[in-house]
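Try each task before reading its solution.

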Amino acid sequence: MTERQPSALQTPVYLDYAATTPVDPAVAEAMAKHLTRGGVFANPASRSHLYGWQAEEAVETARGQVATLLNADPREIVWTSGATEADNLALKGAAQAWREDNPTGGHIVTSAIEHKAVLDPVQWLEGQGFSVTRLAPDASGQIQPEQVRAALRPDTCLVSVMHINNELGTVSDVAAMGAICRAQGVPFHVDAAQSAGKLALDVAAQQIDLLSLSAHKMYGPKGIGALYVRRDPSVRIAAQIHGGGHERGMRSGTLPTHQCVGMGVAAAQASAHLETEPARITALRDRLWGGIADLPGIRLNGHATERACGHLNMAFGDCDGELLLLSLRELAVSSGSACNSASLSPSYVLKAIGLSDAQAQASLRVSLGRYTTEQEVDFAVEHIRSVVKKLLH
Ligand SMILES: *Cc1c(COP(=O)(O)O)cnc(C)c1O
């Protein structure tokens, strides 16, 4: 089962679970049985022999596990290479399908703080003639359902709003948005890459039509994800990858059996741990914050309560952000967002919730997860305290 905490502290302490998670040992074990000659290695699309049937069965079991996580039908799950591809398929696929019936126009509603995997395809669609409304978050990073309602137009072909913001951890009320979109007959896409195992997902109750997942954010392997595509009322999406007609024509390519199996086991574990894991991680996160909240100039970015269990994004008042990150040598954390770490420009998410360039530069995202221990948290508290005190001197 899951590896338990090694007694010796491993440094730097990994506190970047929002960027990616280690693969759960049970997931890795299941994957290893679907690679080599002695295992289930065949092409799941091979219909003429036992090897192929076994691979197909493994993939379909995994598909069922992902569907169960979402309260969906297995036939509504399309395998992708990750949440980036799932977002692209949802946005471009829905927009293109809409265009087939409506040669001009087309309006997309999204938010200003989506992951780049949503923002960039939306911008590309804008270049193709779609008009776009980008909803502004409030100071906590929430998008309000009433903003979605007010933005809808007769030619709105898609609404796309994320569930948990990857930088802040702020949670938006996607169920209320789903109700508004369903009443207007507008397809509703949710990027839920950060949600699995943290918050309950239920595409029926939340009235979601398209939903993106990524295995590596939920203790599964990198390189696999899924898009949920509703069958009733059915949502039409145009394929973006052609070649062989796999996945009901929506996404061609030989399925990576071991990756699918890994994501399936990860999804089953996410469901199984939902009752206990988020509460444990929240307690650790609050212990960390409680240990540093009195440092001069420090403040929490995001929502005080409507926040995913592992997330702690904070601005360190008067510290130089770059120097801060460099000085926190014993911690593996992120400056705002891993995806922005390559560039020195301040996070567009932190800017959108009202932080100045300097405040955004002086912000850090610490994210805890399944293997975070009390010992690691206490070590992080001491390390952050001593570094900040030195920098403020
Ligand atoms: C990580 C992440 C993605 C991208 O997922 P990949 O599987 O790495 O492509 C998209 N959206 C959000 C909110 C994420 O956190």
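Two strands count as paired if DSSP finds at least two bridges between them. Keep in mind that this is a predicted model.

**Exercise 1. In what order do the strands of the three-stranded open sheet stand, and which of them are at the edges?**

Step 1. The order is β9-β10-β12, and the pairing is antiparallel.

Step 2. β9 (298-301) and β12 (363-367) each have a single partner strand, so one side of each has no neighbour in the sheet and these two are the edges.

Step 3. Look at the β9 pairing: four bridges join β9 to β10 (residues 311-316). Along this pair, Arg-299 stands opposite Ala-315 in β10.

**Exercise 2. Describe how helix α2 packs with helix α7.**

Step 1. Two packed helices are described by the angle between their axes and the distance between the axes.

Step 2. For α2 (residues 50-70) and α7 (residues 257-273), the angle is about 30° and the axes are 8 Å apart. Angles under 35 degrees count as roughly parallel, so α2 is roughly parallel to α7.

Step 3. The crossing of α2 past α7 is left-handed.

Step 4. Find the contact residues: α2 contributes Ala-58, Ala-62 and Leu-69, among others, while those in α7 include Cys-260, Gly-264 and Ala-268.

Step 5. Sort the contact by class: 13 residues are nonpolar, four are polar and none is charged.

Note on methods. Residues are numbered from 1 along each chain as its sequence is written. This is a predicted model: local features need pLDDT of at least 70, side-chain atom pairs count only at pLDDT 80 or more; totals for chains, interfaces and linings use all residues. Side-chain values use heavy atoms; hydrogens and water are left out. Axes are lines fitted to C-alpha atoms, for helices over the stretch in contact, and angles run from 0 to 180 degrees between N-to-C directions. Angles under 35 degrees count as roughly parallel, over 145 as roughly antiparallel, 65 to 115 as roughly perpendicular and the rest as oblique. A crossing is left-handed if the near helix is turned anticlockwise from the far one by less than a right angle, and right-handed if clockwise. Contact means heavy atoms within 4.5 Å. Ala, Val, Leu, Ile, Met, Phe, Trp, Tyr, Cys and Pro count as nonpolar, Asp, Glu, Lys and Arg as charged, and the others, Gly among them, as polar.
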